[in-house]
Amino acid sequence: MNSFDRKLKEYGYYPLKAREMTALIVIMGHKCNMRCTHCYVDASPDSTEEMPLSTLEKLLDILSRHRAITTVDVSGGAPELHPHFRYFVKSAADMGREVLLPSNLTLYDEPGMEDLPEFLAENRVTIIASLPHYTEEVTDRQRGKGTYKKVIAALKRLNSLGYGREGTSLELNIAFNPAGTGILSDGASLDRAYRDNLKEMHGITFNRLFTLNNMPIGRMRKSMSDEEFDRYMKELEARFNPDTVDTLMCRTSVSYGFDGRKAYDCDFWRVLDMPIKDSGAGIDDFDYEALSSREIVTHPLCFMCTAGAGCTCTDLLVND
Ligand code: SF4
Ligand code: SF4
(Lines give C-alpha, C1' and ligand atoms only; values in the text may rest on other atoms or scores of the structure.)
(Ligands and ions follow the chains in the order given, each with its own letter.)
Protein backbone atom coordinates (compact mmCIF):
# COMPACT_ATOMS: atom_id res chain seq x y z
CA MET A 1 0.00 0.00 0.00
CA ASN A 2 1.46 3.39 -0.98
CA SER A 3 1.47 6.47 1.27
CA PHE A 4 -1.57 7.98 -0.49
CA ASP A 5 -3.62 4.82 0.05
CA ARG A 6 -2.58 4.78 3.71
CA LYS A 7 -3.84 8.34 4.07
CA LEU A 8 -7.10 7.46 2.32
CA LYS A 9 -7.53 4.52 4.67
CA GLU A 10 -7.02 6.75 7.68
CA TYR A 11 -9.96 8.89 6.50
CA GLY A 12 -12.18 6.02 5.33
CA TYR A 13 -11.77 6.58 1.57
CA TYR A 14 -9.76 3.47 0.71
CA PRO A 15 -9.89 2.03 -1.91
CA LEU A 16 -10.44 5.06 -4.13
CA LYS A 17 -13.33 4.20 -6.44
CA ALA A 18 -14.88 5.87 -9.44
CA ARG A 19 -18.51 6.92 -9.44
CA GLU A 20 -20.93 7.41 -12.32
CA MET A 21 -18.88 8.87 -15.16
CA THR A 22 -20.02 12.30 -16.22
CA ALA A 23 -16.99 13.57 -18.15
CA LEU A 24 -14.55 12.61 -20.87
CA ILE A 25 -11.11 14.19 -20.76
CA VAL A 26 -9.93 14.60 -24.34
CA ILE A 27 -6.28 15.53 -24.71
CA MET A 28 -6.10 16.63 -28.33
CA GLY A 29 -2.34 16.99 -28.63
CA HIS A 30 0.86 18.31 -27.15
CA LYS A 31 1.35 21.19 -29.55
CA CYS A 32 1.22 24.59 -27.86
CA ASN A 33 2.29 28.09 -28.82
CA MET A 34 3.94 28.38 -25.38
CA ARG A 35 6.58 26.41 -23.51
CA CYS A 36 5.87 26.96 -19.78
CA THR A 37 8.32 25.60 -17.23
CA HIS A 38 5.58 23.99 -15.12
CA CYS A 39 3.99 22.14 -18.07
CA TYR A 40 3.52 18.50 -17.15
CA VAL A 41 2.98 17.29 -20.75
CA ASP A 42 6.10 18.98 -22.15
CA ALA A 43 3.93 20.86 -24.64
CA SER A 44 5.71 23.11 -27.12
CA PRO A 45 5.38 24.67 -30.59
CA ASP A 46 7.54 21.82 -32.00
CA SER A 47 5.37 18.93 -30.80
CA THR A 48 3.72 16.78 -33.48
CA GLU A 49 1.91 14.44 -31.06
CA GLU A 50 -1.84 14.66 -31.49
CA MET A 51 -5.01 12.60 -31.31
CA PRO A 52 -5.92 11.33 -34.78
CA LEU A 53 -9.35 11.94 -36.26
CA SER A 54 -10.16 8.22 -35.98
CA THR A 55 -9.86 8.37 -32.16
CA LEU A 56 -11.87 11.59 -32.00
CA GLU A 57 -14.63 9.93 -34.04
CA LYS A 58 -14.71 7.03 -31.57
CA LEU A 59 -15.04 9.45 -28.66
CA LEU A 60 -17.93 11.17 -30.41
CA ASP A 61 -19.53 7.77 -30.90
CA ILE A 62 -19.20 7.09 -27.15
CA LEU A 63 -20.84 10.44 -26.44
CA SER A 64 -23.71 9.66 -28.79
CA ARG A 65 -24.38 6.38 -26.95
CA HIS A 66 -23.97 7.59 -23.33
CA ARG A 67 -26.16 10.53 -22.35
CA ALA A 68 -24.86 10.37 -18.77
CA ILE A 69 -21.56 11.78 -20.01
CA THR A 70 -22.60 15.40 -19.97
CA THR A 71 -19.22 17.10 -20.14
CA VAL A 72 -16.25 16.99 -22.48
CA ASP A 73 -13.02 18.58 -21.33
CA VAL A 74 -10.99 19.41 -24.43
CA SER A 75 -7.42 19.97 -23.38
CA GLY A 76 -3.79 19.83 -24.57
CA GLY A 77 -1.23 21.42 -25.21
CA ALA A 78 -3.25 24.15 -26.82
CA PRO A 79 -6.22 22.17 -28.16
CA GLU A 80 -7.20 25.09 -30.38
CA LEU A 81 -4.19 24.23 -32.60
CA HIS A 82 -5.47 20.74 -33.42
CA PRO A 83 -6.63 20.58 -37.08
CA HIS A 84 -9.97 19.01 -36.06
CA PHE A 85 -10.58 21.13 -32.96
CA ARG A 86 -13.62 22.98 -34.35
CA TYR A 87 -15.15 19.83 -35.84
CA PHE A 88 -14.84 17.96 -32.53
CA VAL A 89 -16.10 20.83 -30.37
CA LYS A 90 -19.07 21.56 -32.63
CA SER A 91 -20.00 17.88 -32.84
CA ALA A 92 -19.96 17.51 -29.03
CA ALA A 93 -21.87 20.77 -28.55
CA ASP A 94 -24.45 19.74 -31.16
CA MET A 95 -25.01 16.60 -29.09
CA GLY A 96 -25.92 18.85 -26.17
CA ARG A 97 -22.71 18.32 -24.23
CA GLU A 98 -21.01 21.04 -22.25
CA VAL A 99 -17.55 21.54 -23.73
CA LEU A 100 -14.89 22.83 -21.34
CA LEU A 101 -11.85 24.48 -22.83
CA PRO A 102 -8.81 25.18 -20.68
CA SER A 103 -6.98 27.84 -22.68
CA ASN A 104 -3.85 29.92 -22.36
CA LEU A 105 -5.77 32.71 -24.20
CA THR A 106 -2.70 33.87 -26.11
CA LEU A 107 -3.72 32.54 -29.51
CA TYR A 108 -6.31 34.95 -30.85
CA ASP A 109 -3.73 36.88 -32.92
CA GLU A 110 -2.42 33.72 -34.62
CA PRO A 111 -3.37 33.14 -38.28
CA GLY A 112 -6.72 31.37 -38.56
CA MET A 113 -7.64 32.05 -34.93
CA GLU A 114 -9.10 35.54 -35.35
CA ASP A 115 -12.73 34.38 -35.17
CA LEU A 116 -12.17 31.76 -32.48
CA PRO A 117 -13.94 33.69 -29.67
CA GLU A 118 -17.10 33.93 -31.81
CA PHE A 119 -16.91 30.20 -32.60
CA LEU A 120 -16.60 29.38 -28.89
CA ALA A 121 -19.56 31.62 -28.03
CA GLU A 122 -21.72 30.08 -30.78
CA ASN A 123 -21.05 26.63 -29.34
CA ARG A 124 -21.46 27.79 -25.74
CA VAL A 125 -18.03 26.49 -24.81
CA THR A 126 -17.09 27.06 -21.17
CA ILE A 127 -13.66 28.66 -21.01
CA ILE A 128 -11.11 28.17 -18.26
CA ALA A 129 -8.55 30.88 -18.91
CA SER A 130 -5.11 30.57 -17.49
CA LEU A 131 -3.93 33.69 -15.70
CA PRO A 132 -1.23 33.01 -13.11
CA HIS A 133 -1.72 36.43 -11.47
CA TYR A 134 -3.73 39.61 -11.86
CA THR A 135 -0.53 41.65 -12.24
CA GLU A 136 1.56 41.87 -15.40
CA GLU A 137 4.83 41.43 -13.55
CA VAL A 138 4.02 38.06 -11.96
CA THR A 139 2.21 36.67 -15.00
CA ASP A 140 5.01 37.55 -17.43
CA ARG A 141 7.63 36.20 -15.05
CA GLN A 142 5.87 32.83 -15.01
CA ARG A 143 4.67 32.70 -18.62
CA GLY A 144 6.99 34.93 -20.63
CA LYS A 145 7.06 38.59 -21.61
CA GLY A 146 3.93 39.83 -23.34
CA THR A 147 1.66 37.06 -22.03
CA TYR A 148 -0.33 39.28 -19.68
CA LYS A 149 -1.25 41.84 -22.35
CA LYS A 150 -2.47 39.09 -24.69
CA VAL A 151 -4.56 37.40 -21.99
CA ILE A 152 -6.10 40.67 -20.85
CA ALA A 153 -7.00 41.57 -24.45
CA ALA A 154 -8.57 38.12 -24.91
CA LEU A 155 -10.54 38.38 -21.65
CA LYS A 156 -11.90 41.77 -22.71
CA ARG A 157 -12.93 40.36 -26.08
CA LEU A 158 -14.68 37.41 -24.42
CA ASN A 159 -16.45 39.79 -22.02
CA SER A 160 -17.65 41.81 -25.02
CA LEU A 161 -19.25 38.64 -26.43
CA GLY A 162 -21.10 38.09 -23.15
CA TYR A 163 -18.64 35.68 -21.54
CA GLY A 164 -18.38 36.13 -17.78
CA ARG A 165 -21.13 38.76 -17.79
CA GLU A 166 -24.26 38.68 -15.67
CA GLY A 167 -27.39 37.62 -17.50
CA THR A 168 -25.64 35.36 -20.03
CA SER A 169 -24.88 31.66 -19.71
CA LEU A 170 -21.46 31.98 -21.37
CA GLU A 171 -19.10 30.90 -18.64
CA LEU A 172 -15.63 32.38 -18.31
CA ASN A 173 -13.54 31.00 -15.48
CA ILE A 174 -9.97 31.75 -14.54
CA ALA A 175 -7.41 29.16 -13.49
CA PHE A 176 -4.71 30.02 -11.02
CA ASN A 177 -1.71 27.85 -10.37
CA PRO A 178 1.02 28.94 -7.99
CA ALA A 179 4.55 29.48 -9.23
CA GLY A 180 6.68 26.33 -8.87
CA THR A 181 6.12 24.47 -5.63
CA GLY A 182 3.77 26.89 -3.88
CA ILE A 183 0.60 25.38 -2.41
CA LEU A 184 -2.51 27.48 -2.09
CA SER A 185 -4.58 27.16 1.08
CA ASP A 186 -7.04 30.03 0.88
CA GLY A 187 -8.90 30.13 -2.42
CA ALA A 188 -11.54 32.59 -1.14
CA SER A 189 -9.22 35.54 -0.54
CA LEU A 190 -7.47 34.94 -3.86
CA ASP A 191 -10.84 34.92 -5.61
CA ARG A 192 -11.63 38.32 -4.11
CA ALA A 193 -8.25 39.73 -5.10
CA TYR A 194 -8.63 38.55 -8.73
CA ARG A 195 -12.19 39.85 -8.95
CA ASP A 196 -11.43 43.27 -7.48
CA ASN A 197 -8.18 43.85 -9.35
CA LEU A 198 -9.31 42.68 -12.79
CA LYS A 199 -12.47 44.76 -12.50
CA GLU A 200 -10.69 47.85 -11.27
CA MET A 201 -7.71 47.71 -13.64
CA HIS A 202 -9.41 46.44 -16.81
CA GLY A 203 -13.19 46.26 -16.29
CA ILE A 204 -12.96 42.46 -16.66
CA THR A 205 -15.51 40.16 -15.01
CA PHE A 206 -15.52 36.37 -14.78
CA ASN A 207 -17.55 33.57 -13.21
CA ARG A 208 -15.27 31.46 -11.02
CA LEU A 209 -11.63 31.22 -10.01
CA PHE A 210 -10.21 27.69 -10.09
CA THR A 211 -7.08 26.84 -8.19
CA LEU A 212 -4.58 24.14 -9.06
CA ASN A 213 -1.34 22.86 -7.61
CA ASN A 214 1.47 21.94 -9.99
CA MET A 215 2.01 18.25 -10.77
CA PRO A 216 5.74 17.50 -10.47
CA ILE A 217 6.07 15.44 -13.64
CA GLY A 218 7.18 16.33 -17.19
CA ARG A 219 8.96 19.68 -17.58
CA MET A 220 8.00 20.69 -14.04
CA ARG A 221 9.91 17.69 -12.61
CA LYS A 222 12.89 18.33 -14.89
CA SER A 223 13.13 21.87 -13.53
CA MET A 224 13.40 20.58 -9.93
CA SER A 225 16.38 19.12 -8.09
CA ASP A 226 15.84 15.82 -6.27
CA GLU A 227 15.90 17.72 -2.98
CA GLU A 228 13.24 20.16 -4.18
CA PHE A 229 11.12 17.29 -5.41
CA ASP A 230 11.35 15.45 -2.07
CA ARG A 231 10.56 18.62 -0.16
CA TYR A 232 7.55 19.36 -2.40
CA MET A 233 6.21 15.81 -2.07
CA LYS A 234 6.50 15.99 1.73
CA GLU A 235 4.75 19.35 1.75
CA LEU A 236 1.93 18.03 -0.46
CA GLU A 237 1.42 15.10 1.87
CA ALA A 238 1.54 17.28 4.99
CA ARG A 239 -1.14 19.55 3.46
CA PHE A 240 -3.56 16.66 2.76
CA ASN A 241 -7.12 17.96 2.87
CA PRO A 242 -9.72 15.17 3.16
CA ASP A 243 -12.45 17.52 1.86
CA THR A 244 -10.91 17.33 -1.61
CA VAL A 245 -11.31 13.55 -2.00
CA ASP A 246 -14.99 13.55 -2.78
CA THR A 247 -14.60 15.68 -5.90
CA LEU A 248 -11.36 14.31 -7.35
CA MET A 249 -11.75 14.47 -11.12
CA CYS A 250 -10.62 10.86 -11.60
CA ARG A 251 -13.77 9.69 -9.80
CA THR A 252 -16.11 10.90 -12.52
CA SER A 253 -14.03 10.95 -15.71
CA VAL A 254 -11.69 8.96 -17.89
CA SER A 255 -8.97 9.88 -20.36
CA TYR A 256 -7.59 8.01 -23.42
CA GLY A 257 -4.20 7.93 -25.07
CA PHE A 258 -3.98 9.39 -28.57
CA ASP A 259 -4.44 6.02 -30.28
CA GLY A 260 -7.28 5.07 -27.92
CA ARG A 261 -5.67 1.78 -27.00
CA LYS A 262 -5.47 2.51 -23.26
CA ALA A 263 -7.73 4.28 -20.78
CA TYR A 264 -6.34 6.30 -17.89
CA ASP A 265 -7.82 7.50 -14.61
CA CYS A 266 -6.47 10.96 -15.31
CA ASP A 267 -4.19 12.74 -17.72
CA PHE A 268 -1.27 12.63 -15.31
CA TRP A 269 -1.36 8.86 -15.51
CA ARG A 270 -1.59 9.07 -19.31
CA VAL A 271 1.66 11.04 -19.34
CA LEU A 272 3.26 8.45 -17.03
CA ASP A 273 1.63 5.57 -18.95
CA MET A 274 -0.12 4.12 -15.89
CA PRO A 275 -3.36 2.78 -17.43
CA ILE A 276 -6.50 1.85 -15.52
CA LYS A 277 -6.40 -1.44 -13.65
CA ASP A 278 -8.01 -3.41 -16.46
CA SER A 279 -5.21 -2.48 -18.82
CA GLY A 280 -6.93 -4.13 -21.79
CA ALA A 281 -9.72 -1.57 -21.71
CA GLY A 282 -9.12 0.53 -24.81
CA ILE A 283 -11.61 2.78 -26.52
CA ASP A 284 -13.05 -0.10 -28.59
CA ASP A 285 -13.97 -1.92 -25.35
CA PHE A 286 -15.64 1.09 -23.73
CA ASP A 287 -17.79 -0.22 -20.87
CA TYR A 288 -19.62 2.59 -19.08
CA GLU A 289 -20.70 0.48 -16.09
CA ALA A 290 -17.25 -1.02 -15.51
CA LEU A 291 -15.52 2.34 -15.82
CA SER A 292 -18.02 3.94 -13.44
CA SER A 293 -17.18 1.51 -10.66
CA ARG A 294 -13.48 0.93 -11.29
CA GLU A 295 -10.85 1.11 -8.61
CA ILE A 296 -8.56 4.03 -9.33
CA VAL A 297 -4.80 3.61 -9.66
CA THR A 298 -3.16 5.68 -6.92
CA HIS A 299 0.40 6.89 -6.33
CA PRO A 300 2.01 9.32 -3.85
CA LEU A 301 1.73 11.93 -6.63
CA CYS A 302 -2.03 11.94 -5.91
CA PHE A 303 -1.22 14.17 -2.94
CA MET A 304 -0.96 16.96 -5.52
CA CYS A 305 -4.73 16.78 -5.99
CA THR A 306 -5.54 16.75 -2.28
CA ALA A 307 -3.15 19.36 -0.88
CA GLY A 308 -4.49 22.60 0.55
CA ALA A 309 -7.33 23.92 -1.57
CA GLY A 310 -6.58 21.00 -3.94
CA CYS A 311 -7.73 21.19 -7.51
CA THR A 312 -11.02 23.05 -7.41
CA CYS A 313 -11.83 22.19 -11.02
CA THR A 314 -14.22 19.36 -10.33
CA ASP A 315 -14.64 17.19 -13.41
CA LEU A 316 -12.05 18.96 -15.40
CA LEU A 317 -8.41 19.12 -15.92
CA VAL A 318 -6.38 22.17 -16.71
CA ASN A 319 -2.88 22.00 -18.00
CA ASP A 320 -2.29 25.69 -18.23
S1 SF4 B 1 -3.31 12.15 -9.66
FE2 SF4 B 1 -4.95 11.36 -10.94
S3 SF4 B 1 -5.61 9.46 -9.94
FE4 SF4 B 1 -4.44 10.63 -8.44
S5 SF4 B 1 -5.98 11.81 -7.28
FE6 SF4 B 1 -5.21 13.12 -8.95
S7 SF4 B 1 -6.67 12.80 -10.61
FE8 SF4 B 1 -6.93 11.10 -9.18
S1 SF4 C 1 1.24 24.79 -19.44
FE2 SF4 C 1 -0.41 25.09 -20.96
S3 SF4 C 1 0.18 26.99 -22.04
FE4 SF4 C 1 2.01 26.26 -20.97
S5 SF4 C 1 3.12 24.98 -22.47
FE6 SF4 C 1 1.80 23.61 -21.27
S7 SF4 C 1 -0.10 23.43 -22.45
FE8 SF4 C 1 1.02 25.25 -23.20
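Does Asp273 count as buried or exposed, and how many C-beta neighbours lie inside 10 Å? Asp273 counts as exposed, with 9 such neighbours. (Buried means 20 or more other C-beta atoms within 10 Å of a residue's own, exposed 12 or fewer, and partly exposed in between, with C-beta atoms placed from the backbone.)

## About the model

This is a predicted model, in which local features need pLDDT of at least 70 and side-chain atom pairs count only at pLDDT 80 or more, while totals for chains, interfaces and linings use all residues. Residues are numbered from 1 along each chain as its sequence is written, and chains are lettered from A and ligands numbered from 1 in the order in which they are written.

Most residues other than glycine have a negative phi. Asp273 has a positive one, near 50 degrees. Leu105 also has a positive phi, of about 55 degrees, but Leu105 is buried, with 26 other C-beta atoms within 10 Å.

## Two cis peptide bonds

Now for the backbone: the bond from Tyr14 to Pro15 is cis, with omega near -5 degrees. The bond from Gly76 to Gly77 is cis too, with omega near 25 degrees.

## Around the ligands

Here, a residue is near a molecule if its C-beta atom, placed from the backbone, lies within 6 Å of it. Ligand 1 has Cys250, Cys266, Cys302 and Cys305 among the residues around it. Ligand 2 is surrounded by 12 residues, and the closest are Cys32, Cys36, Cys39, Ala43 and Asn104.
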